[in-house]
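This briefing covers a pocket and a sheet. Look at the structure first, then read the points below.

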Amino acid sequence: MVLKTVEFSLRQRALVLLATLVLIGVGVWSALRLPIDAVPDITNPQVLVNTAVPALAPEEIEKLVTLPLESQMAGLPGMMELRSLSKFGLSQIRMTFEDDVDLYRTRQLVSERLLGAAEKLPGGLQPRLAPISTALGEIFYYSVDFAADATNKPPTRYEQLQSLKQIQEYVISPLLRATPGVAEVNTSGGHERQIVIMPDAARLASVGLSLEELAHAIGENTENVGGGMVEIGGEQIVIRANSRVSTTEEIAQLPLKFAGSAQPLLVQDVAQVGIGSGYRTGAATVNGEEDVVGGALMLAGGNSR
């Protein structure tokens with residue numbers, strides 16, 4: 001058998017050389033597309049449900065949010081383990097499934113059950129599925145900062161962190177999410193830019209207003225509403241009320257009520273309106289200095305190269 005193989009190879013040299021070149025080409029093509037990772041990903045198929053709960057203590061989160069979600073998720077096909085975590089600001093449900101399940105179909109089943117659990121949760125809470133990634137899916141980290149010679153950066157570091165976070169959230173993250181194989185882009189650090197209204201309790205009491213009435217009056221003036229359509233001369237005209245305010249000055253000038261005079265009571269009469277940031281529970285640093293950090297998560301089963 002060996003002699004015949006050697007004899008055939010010597011007689012058909014061109015064919016053997018061609019087959020060798022084809023094998024080399026296939027090998028190079030396969031090597032360039034071979035999935036590579038730092039360590040083998042042996043994570044079981046998992047689905048995480050995260051619910052942001054900003055105002056409740058961990059005990060109430062466990063009773064009012066985590067337990068109803070656990071009860072709704074029990075009995076999913078192929079589920080091996082169901083665990084939960086309740087801490088301040090977060091309720092997390094972690095479901096582990098058998099290796100041969102279809103992860104996308106499983107996420108669809110979880111989404112259907114979340115619709116049934118929504119009516120059992122406190123108002124304003126929205127459970128969300130975590131990205132389709134694994135614990136080893138953090139493949140790329142980067143920091144966002146102004147160049148040393150930048151002329152348009154804000155004067156203080158606090159304002160710079162506000163601007164950097166906006167750039168990360170609205171410019172960089174959408175571009176990275178469009179990259180094939182990227183499941184999600186997380187942001188750490190920075191300050192979330194917000195319009196902050198700081199009411200004066202003594203002034204509110206003196207004019208007979210409560211915090212709830214103040215919030216309701218401001219909320220009514222920060223939304224656009226539609227008024228349907230009217231037909232004029234064979235044309236349909238859309239009616240809308242453009243009442244959304246966009247600057248701190250416009251919010252400060254919102255009327256609250258007429259207190260028996262020609263001039264209405266304004267927001268600026270009972271509160272201070274300015275630019276601030278939301279309450280945060282953590283920060284990110286680069287080389288010992290606070291910064292904005294982003295992290296790209298790889299799609300489960302993707303190629304980190």
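A pocket here is an open set of grid points with protein on both sides within 12 Å along at least five of seven lines. The model is predicted. Its largest pocket has a volume of about 1700 Å³.

**Pocket lining**
- The largest pocket is lined by 48 residues. Closest to its centre are Asn50, Leu90, Pro131, Asn186 and Thr187.
- Six elements are listed as giving two or more residues to this lining: β1 (46-53), β3 (89-97), α4 (103-117), β4 (128-129), α5 (157-177) and β6 (182-188).
- β1 supplies the largest share, six residues.
- By class, the lining holds 22 polar, 15 nonpolar and 11 charged residues.

**Three-stranded sheet**
- Which strands form the open sheet, and in what order? The order is β5-β15-β6, with antiparallel pairing.
- β5 (138-144) and β6 are the edge strands. Each has a single partner strand, so one side of each lacks a neighbour in the sheet.
- From one strand to the next, the twist averages 20°.

**Pairing of β5 with β15**
- β5 and β15 (residues 292-298) run antiparallel and are joined by six bridges.
- Ser143 has Val293, in β15, as its bridge partner.

**Helix on the sheet**
- α5 packs on the sheet and touches β5, β6 and β15.
- The direction of α5 makes about 175° with that of β6.
- Both α5 and β6 are also among the elements that give two or more residues to the pocket lining.

Methods
Residues are numbered from 1 along each chain as its sequence is written. This is a predicted model: local features need pLDDT of at least 70, side-chain atom pairs count only at pLDDT 80 or more; totals for chains, interfaces and linings use all residues. Side-chain values use heavy atoms; hydrogens and water are left out. On a 1 Å grid over the protein atoms alone, a cavity is a set of points where a 1.4 Å probe fits but cannot get out, and a pocket is an open set with protein on both sides within 12 Å along at least five of seven lines; lining residues have an atom within 4 Å of a point. Grid points are joined across faces, edges and corners, and a volume is the space filled by probe spheres set on the points. Helices (H or I, at least four residues) and strands (E, at least two) are DSSP runs, numbered from the N terminus. Ala, Val, Leu, Ile, Met, Phe, Trp, Tyr, Cys and Pro count as nonpolar, Asp, Glu, Lys and Arg as charged, and the others, Gly among them, as polar. Two strands pair if DSSP finds at least two bridges between them. Axes are lines fitted to C-alpha atoms, for helices over the stretch in contact, and angles run from 0 to 180 degrees between N-to-C directions. Contact means heavy atoms within 4.5 Å.
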